[in-house]
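These notes are meant for a colleague who is opening this structure for the first time. Please keep the sequence and the 3D view at hand while reading the numbered points.

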Number of protein chains: 4
Amino acid sequence: MARGLNKVMLIGHLGSDPELRVIPSGQSVANFTLATNESYKDSSGNLQERTEWHRIVAWGRLAEICQQYLKKGRQVYIEGKLQTRSWDDTKTGDKRYATEIVCSDMQMLGSAREGGVPQGGGNNAQYSQSGGGYSTPSSQPQQGGYQGSAASGSQAPEPDKDDLPF
Amino acid sequence: MARGLNKVMLIGHLGSDPELRVIPSGQSVANFTLATNESYKDSSGNLQERTEWHRIVAWGRLAEICQQYLKKGRQVYIEGKLQTRSWDDTKTGDKRYATEIVCSDMQMLGSAREGGVPQGGGNNAQYSQSGGGYSTPSSQPQQGGYQGSAASGSQAPEPDKDDLPF
Amino acid sequence: MARGLNKVMLIGHLGSDPELRVIPSGQSVANFTLATNESYKDSSGNLQERTEWHRIVAWGRLAEICQQYLKKGRQVYIEGKLQTRSWDDTKTGDKRYATEIVCSDMQMLGSAREGGVPQGGGNNAQYSQSGGGYSTPSSQPQQGGYQGSAASGSQAPEPDKDDLPF
Amino acid sequence: MARGLNKVMLIGHLGSDPELRVIPSGQSVANFTLATNESYKDSSGNLQERTEWHRIVAWGRLAEICQQYLKKGRQVYIEGKLQTRSWDDTKTGDKRYATEIVCSDMQMLGSAREGGVPQGGGNNAQYSQSGGGYSTPSSQPQQGGYQGSAASGSQAPEPDKDDLPF
DNA sequence: TTTT
DNA sequence: TTTT
């Protein structure tokens, strides 16, 4: 009883704006995809890059923060746990599975000038599901400026529909 | 380019003995499942337990060590990265996905008296895919087997379709 | 503002029984040392072992659990953050520093048969400072003690000067 | 034997430019400090910020990369292990200790426009001590531009001599 | 000062 | 399918 570690830590870029839903119980849920890039040398010694796509889900207050502050292209640190949901495929009767990272901590990386800027807001949010909660500095006035400039930086992965495992 | 973090850390118990295969290229692959347990209080305040199952895959020398030293029930620490494979479901034409943890570090936890002791061997192995590699104390002779066969390709080959999730 | 990651994850064995103190504010504090072992090959190819000692500090309810369940020799997983305290060395006037891991999560590894079993109690505790908190299976009665006293301040108070490093 | 986990993961800003030395054996060593920020609410409910300073040491190729690409103020992800060195204080005869993070993986966060830009080079380096090694994209010409502009971003902590535990 |  |  009561033992086990199930931890995931990711640094990557959002492949999509977070989608926020409110489920019947009143709970907020946000979903988005995150790309982590890895480079390696292939057998010929050439530098290759592989992108791995992750499906992130956040709940409650953290869901709302993700929806408010994160945008496609933004670089973030995500901490959470693995969870595999299953359901019956009505077409085939097979059991099907989807693995997600249930987010418990999120941090925006880079500065406000970077990709994925929220409309009209400051950024640089940090949130941990447990404990301190979230806060934006109130004594630091928003300098405005980059509303609508949500340019996906060059680092931001451009998710291709056919490449996305979701 | 060249940035990103994709890390998974698990402590749990093996749900099955590792299965070792050698793929046509000569690479060894081991697969096993790992259960991580989490307890929480439900809305009525009753203690509940949830088990999450993870699909672990190890390559090369590490695969062989897993197969030799790990047994169903054994408690281990696993470090690795998330990887989602996809294939076309021939029955439906749908794209299907399976997420695995590609293991890069493994440590046996607890002592030799604990579950999952290999027949006739010592245990308490530790291995890291990168760098130092694996070693058994020299006073503890190997029971023979795969010395010298530890071919470790630079990149994981394509796992075949029979490797359905769970 | 409000960004940063400061995380430590250790698996090792206690070098000493935890020492529990109650500071004037009423907060419980537990201190113990943890050894993590690493093996490597030296330049001559001989297997060497290096032990690193860590100073762990736990607060509040977690401190009490550590004191109750952990014993010298017990294998544990520790998660926490780095904190360096400083004070003036009265002998020399120099500033001195001690780095500790402030524990936020602890898990006992291995089974009850293993080293460091508390006298007369069950074991296999897991605790996370944030969220769910700690619980023993209800069928396993507590041997009395600190129910209800689990005061857990939001911030760690100032540890006193006698807490010299090691 | 051969068991244990000693892992540190940090996201923070450099408090100083890395200093590179070559030790008599020919090995390169880089040292720098890293600030991780944490915000919390004090007992009065006011938002407080605490900065923790870490002493980072990198060896070999990674040391050279740190020296080349990192500058004061730059945001990075650091992975490594804890190591406490000790020596005898000749003034007092006391044993003294210093804890460092021996870096095994480093990633620059944010974009090239951010603080800590190397003179005349591109950035966005990633390096892991083990395995793949380091590489800069060669097919992506340097766009020049920000040489000498190593402005510490607003996020960059201004290390105060008296605050620095090193 | 731990552990194997 | 694990463990306590």
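1. Contact, as the word is used in these notes, means heavy atoms within 4.5 Å. The model is a predicted one, and the points below should be read with that in mind. In chain D, what covers the buried residues of helix H1(D) includes strand S2 (19-22), strand S3 (28-41), strand S4 (47-59), strand S6 (95-108) and strand S7 (126-128) of that chain.

2. Which residues of H1(D) are buried? Helix H1 of chain D spans residues 60-69, and its buried residues are Gly60(D), Leu62(D), Ala63(D), Ile65(D), Cys66(D) and Tyr69(D). As background to this list, an α-helix has 3.6 residues a turn, so residues three or four places apart point the same way.

3. Turning to the interface between chain A and chain B, 41 residues of chain A are in contact with 39 residues of chain B. The size of an interface is often given as the accessible area lost when the parts come together. For chain A and chain B the buried area is about 3,600 Å², and carbon and sulfur atoms give 46% of it.

4. Between these two chains, eight residue pairs are in polar contact, with both residues at pLDDT 80 or more. Strands S1 (5-14), S3 (28-41), S4 (47-59), S5 (75-88) and S6 (95-108) of chain A each supply at least two residues of the side of chain A that touches chain B. The largest share, eight residues, comes from S1(A). By type, the residues on that side of chain A divide into 15 nonpolar, 13 polar and 13 charged.

5. How do S1(A) and strand S1 of chain B run, and how many bridges join them? S1(A) and S1(B), the latter covering residues 5-14, run antiparallel and are joined by seven bridges. Within this pairing, Ile11(A) stands opposite Leu5(B) in S1(B).

6. Over all chains the structure holds 40 salt bridges, and four salt bridges are counted between chain A and chain B. Side chains of opposite charge can pair when their charged atoms come close. Glu38(B) forms a salt bridge with Lys81(A), and the closest N and O atoms are 2.7 Å apart. This pair crosses between chains, from Glu38(B) in strand S3 (residues 28-41) of chain B to Lys81(A) in strand S5 of chain A. Glu38(B) has a relative accessible area of 30%, so the residue is classed as partly exposed.

7. A further salt bridge links Asp94(A) with Arg96(B), where the closest N and O atoms are 3.7 Å apart. That pair also crosses between chains, from Asp94(A) in the loop between S5 and S6 of chain A to Arg96(B) in strand S6 (residues 95-108) of chain B.

8. Asp89(B) counts as buried because its relative accessibility is 6%, and buried means under 20%. Elsewhere, Lys7(A), Glu79(A), Lys7(C) and Glu79(C) are joined into one network by salt bridges that share partners.

Key: Residues numbered from 1 in each chain as written. Chains lettered and ligands numbered in written order. Predicted model: local features only at pLDDT ≥ 70, side-chain atom pairs only at ≥ 80, totals over all residues. Heavy atoms only, no water. Buried area = accessible area lost by both parts, 1.4 Å probe. Salt bridge = Lys/Arg side-chain N within 4 Å of Asp/Glu carboxyl O. Polar contact = N/O pair within 3.5 Å; in protein donor to acceptor, adjacent residues only side chain to side chain. Helix = DSSP H or I, 4+ residues; strand = E, 2+ residues; numbered from the N terminus. Nonpolar A, V, L, I, M, F, W, Y, C, P; charged D, E, K, R; others polar. Pairing = 2+ DSSP bridges. Buried < 20%, exposed > 50% of the residue type's maximum accessible area, 1.4 Å probe, protein only.
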